[in-house]
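These exercises are to be worked with the sequence and the structure side by side. Try each task before reading its solution.

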Amino acid sequence: MTFAWYAHLRELSTKPWFIAALVSWGIALFEYLLQVPANRIGYQELNLGQLKILQEVLTLTVFVPFAVFYMKEPLKLDYLWAGLCLLGAVYFIFRGE
């Protein structure tokens, strides 16, 4: 979803917004075709909260290299702090009751 949401800012910045939206929707549809079955499989073993936190961890893991290498954004210490917060979220959502 990272590419669908943000790549148009660089690649399609001179095109009308609706062109960027159509391209992004096409990319997002492909990603949803993978995500929905993955969530159904994952929900057999994990609860909804665990699935959501796992998704956020994966999103940040993909977003940081995307932002730095593809979008040419500077690497920020804030990404580390956000990652540490997510590690805390992982701990609390996956710890035993």
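**Exercise 1.** Is Lys 52 buried, partly exposed or exposed?

*Solution.* The model is a predicted one.
Step 1: take the relative accessibility of Lys 52, which is 43%.
Step 2: compare this value with the limits, under 20% for buried and over 50% for exposed.
Step 3: at 43%, Lys 52 therefore counts as partly exposed.

**Exercise 2.** Find the salt bridges in the whole structure and describe the partners of each.

*Solution.* Step 1: the search gives two salt bridges.
Step 1: one of them joins Glu 56 to Lys 52, with the closest N and O atoms 2.8 Å apart. Both residues belong to helix H4, where they are four residues apart, about one turn of the helix. Glu 56 has a relative accessibility of 27% and so counts as partly exposed.
Step 2: Arg 10 pairs with Glu 11, and here the closest N and O atoms are 3.7 Å apart. Arg 10 is partly exposed, at 40%; Glu 11 is also partly exposed, at 45%.

**Exercise 3.** Where do Tyr 43 and Lys 72 lie? Work out the exposure class of each from its relative accessibility.

*Solution.* Step 1: Tyr 43 is in the loop between helix H3 (17-42) and H4. Its relative accessibility is 52%, so Tyr 43 counts as exposed. Apart from neighbours within four places in sequence, Tyr 43 is in contact with Leu 48 and Leu 51.
Step 1: Lys 72 sits in the loop between H4 and H5. At 60% relative accessibility, Lys 72 is likewise exposed.
Step 2: check the backbone of Lys 72. Phi is positive, about 65°, although Lys 72 is not a glycine.

**Exercise 4.** Is Thr 2 buried or exposed, and what does it touch?

Step 1: Thr 2 has a relative accessible area of 8%, so it is buried.
Step 2: list the contacts of Thr 2, not counting residues up to four places away in sequence. They are Ala 7, Glu 31, Thr 59, Val 62, Phe 63 and Phe 66.

**Exercise 5.** Describe the largest pocket by volume, lining and residue class.

*Solution.* Step 1: the space in the largest pocket is about 600 Å³.
Step 1: its lining consists of 20 residues, and those nearest the centre are Met 1, Gln 35, Gln 55, Leu 58 and Thr 59.
Step 2: H1, H3 and H4 each supply at least two lining residues. H4 gives the largest share, eight residues.
Step 3: sorted by class, the lining has 12 nonpolar, six polar and two charged residues.

Definitions and conventions: Residues numbered from 1 in each chain as written. Predicted model: local features only at pLDDT ≥ 70, side-chain atom pairs only at ≥ 80, totals over all residues. Heavy atoms only, no water. Buried < 20%, exposed > 50% of the residue type's maximum accessible area, 1.4 Å probe, protein only. Contact = heavy atoms within 4.5 Å. Salt bridge = Lys/Arg side-chain N within 4 Å of Asp/Glu carboxyl O. 1 Å grid on protein atoms, 1.4 Å probe; cavity = no way out; pocket = protein on both sides within 12 Å on 5 of 7 lines; lining within 4 Å. Points joined across faces, edges and corners; volume = space filled by probe spheres on them. Nonpolar A, V, L, I, M, F, W, Y, C, P; charged D, E, K, R; others polar.
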